[in-house]
Amino acid sequence: MMDAVLFDLDGVLVSGSAHTLAVHPDAGDIFTHLVRAGIRTAVVTNSPTELAREIVSAVGLAPDVVIGSTDVRRTKPAPDMLLLACRRLGVSSERAVMVGDSHADRDAAAAASMHFAGFGITGDTTLAKLREICELATLVEQPEDGGTL
């Protein structure tokens with residue numbers, strides 16, 4: 001089982017612009033499932049931190065930690081944001097999974113020695129549906145083939 005799941009914000013949990021912001025339809029249920037399983041959650045985004053917190057709040061999500069671009073010197077694809085999220089969550093990066101939709105997310109996860117679950121992009125695991133992260137996060141061992149769950 002993983003200790004934490006880190007999510008990219010734009011393109012994974014939310015989509016649209018400031019005027020047409022939409023939360024992914026499974027996001028609330030995913031967060032509820034992870035919390036019930038004892039898995040910590042974070043949002044890690046290259047957006048400014050305060051804006052990220054406002055968006056997360058506006059769409060009704062409650063991650064344990066929100067890390068934005070103003071929290072670190074180097075943003076994704078550098079690992080700094082992911083490592084800071086893990087420190088604030090009190091977990092090892094090797095016991096966390098990053099869910100993202102970009103090469104920057106994937107590169108940051110690799111640099112942080114973190115499993116990468118690609119959503120719309122190939123990863124260590126590739127998610128066809130976002131809710132598949134619940135299965136991955138609660139597995140005792142991660143799939144070694146990097147295939148879709």
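## The loop holding Ser113

Ser113 is placed in the loop between α4 and β7, where helices (H or I, at least four residues) and strands (E, at least two) are DSSP runs numbered from the N terminus. Its phi is near 55 degrees, a positive value in a residue other than glycine. With 46% relative accessibility, Ser113 counts as partly exposed; buried means under 20% relative accessible area, exposed over 50%, and partly exposed in between, with a 1.4 Å probe and protein chains only.

This is a predicted model, in which local features need pLDDT of at least 70 and side-chain atom pairs count only at pLDDT 80 or more, while totals for chains, interfaces and linings use all residues. Residues are numbered from 1 along each chain as its sequence is written, and side-chain values use heavy atoms, with hydrogens and water left out.

## The chain as a whole

The secondary structure of the chain comes to five helices and eight strands, and from the N terminus on these elements run β-β-β-α-β-α-β-α-β-α-β-β-α. The C-alpha trace spans about 40 × 30 × 25 Å along its principal axes. For 149 residues a compact globule would have a radius of gyration near 15 Å, and the 14 Å of this chain agrees with that; the radius is taken over C-alpha atoms, and the globule rule is 2.2 Å times the number of residues to the power 0.38.

Of the 149 residues, 49% count as buried. Among contacts (heavy atoms within 4.5 Å) between residues at least 6 apart in sequence, 50% join residues at least 24 apart. Gly28 is found in helix α1 and, at 36% relative accessibility, counts as partly exposed.

## Two nonpolar cores

A nonpolar core is a set of buried Ala, Val, Leu, Ile, Met, Phe, Trp, Tyr and Cys residues joined through side-chain atoms within 4.5 Å. The largest has 29 residues, of which Val5, Phe7, Leu9, Leu13, Val99 and Ile133 touch the most other members. Two or more residues of this core come from each of β1, α1 (27-36), α2 (49-58), β6, β7 (115-119) and α5 (132-138). A second, separate core of 22 residues includes Ala42, Val65, Ala108 and Phe116.

Leaving aside residues up to four places away in sequence, Leu9 touches Val14, Val43, Val44, Thr45, Ala52, Ile55 and Val56.

Thr49 lies in helix α2 and is buried, with a relative accessible area of 4%. Not counting residues up to four places away in sequence, Thr49 touches Val66, Gly68, Ser69, Thr70 and Asp71.

Helix α3 (residues 80-89) is mostly covered, with seven of its ten residues buried, namely Asp80, Met81, Leu82, Leu84, Ala85, Cys86 and Leu89. These buried residues pack against β1, β4, β5 (65-67), β6 and α4 (103-111). In the loop between β5 and α3 lies Pro77, and the peptide bond from Lys76 to Pro77 is cis, with omega near 25 degrees. After α3 comes Gly90, whose phi is positive, near 75 degrees.

## The cysteines

With a disulfide taken as a pair of cysteine sulfur atoms within 2.5 Å, the count comes to zero disulfides. Cys86 is in no disulfide, and the nearest cysteine sulfur, that of Cys134, is 18 Å away. Cys86 is buried, with a relative accessible area of 3%, and Cys134 is also buried, with a relative accessible area of 11%.
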